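Look at the model shown here and follow the explanation one part at a time.

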Amino acid sequence: MSDATARRILIASFNTLSGAESGVALLKSAAIGLGNVAVITRDDSGEVKFTESQDWGVGKSALIGAVAGLILPGVGTITLAAGGALAAYFLDLGFPDSLLKQMGEGLTNNSSMLVALVDATSTSQASNVLTQAGAVVASTAETDLARAMASM
């Protein structure tokens, strides 16, 4: 991986439920190069939810499988749709779900967190954008979330 495409993990916490979503929008509008992005929220009842830009989920994977079933002769659409859904269940293409859940459990109620792979050349700019939006930001030279959490 060249320096131009190297990425670093950036973690930003917000004291509102919508802060992390707004942070993603701000990073995109500032033309920050992003890889996988996770938004983690903890609502007023303490329930943790998260979404990722590179974790397809069961629905999208099933749709891809179904489309493949229409294109590939001799293989049923339903069979490939089920296979796509099953693959999504067992494959996590983004950050480890267990780590995102653990990070969410550390949030206070009615707050959110953004975890993003940011182009290394844009880490400082991304940090400034999020800080100006009210976030508490931490960044690391790590590209692996588990190692990044251990180093912070």
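The face of helix α5 turned away from its buried side carries S124 and Q132, which are exposed. Exposed means over 50% relative accessible area, buried under 20%, and partly exposed in between (1.4 Å probe, protein chains only). Helices (H or I, at least four residues) and strands (E, at least two) are DSSP runs, numbered from the N terminus. The model is predicted: local features need pLDDT of at least 70, side-chain atom pairs count only at pLDDT 80 or more, and totals for chains, interfaces and linings use all residues. Residues are numbered from 1 along each chain as its sequence is written, and side-chain values use heavy atoms, with hydrogens and water left out.

Helix α5 covers residues 123-132, and its buried residues are T123, A126, S127, V129 and L130. Seen down the axis of α5, these fall within an arc of 160°, so they line one face of the helix. The arc is that of the directions from the helix axis to the C-beta atoms. After α5 comes G134, with a positive phi near 95°.

Helix α4 (residues 97-105) has L99, L100, M103 and G104 buried. Their arc around the axis is only 140°, which puts them on the same side of α4.

How many salt bridges does a search of the whole structure find? It finds 1, where a salt bridge is a side-chain nitrogen of Lys or Arg within 4 Å of a carboxyl oxygen of Asp or Glu. The side chains of R7 and D119 form the bridge, at 2.7 Å from N to O. R7 is in strand β1 and D119 in strand β4 (residues 111-119), 112 residues apart. R7 is partly exposed at 27% relative accessible area, whereas D119 is buried at 15%.
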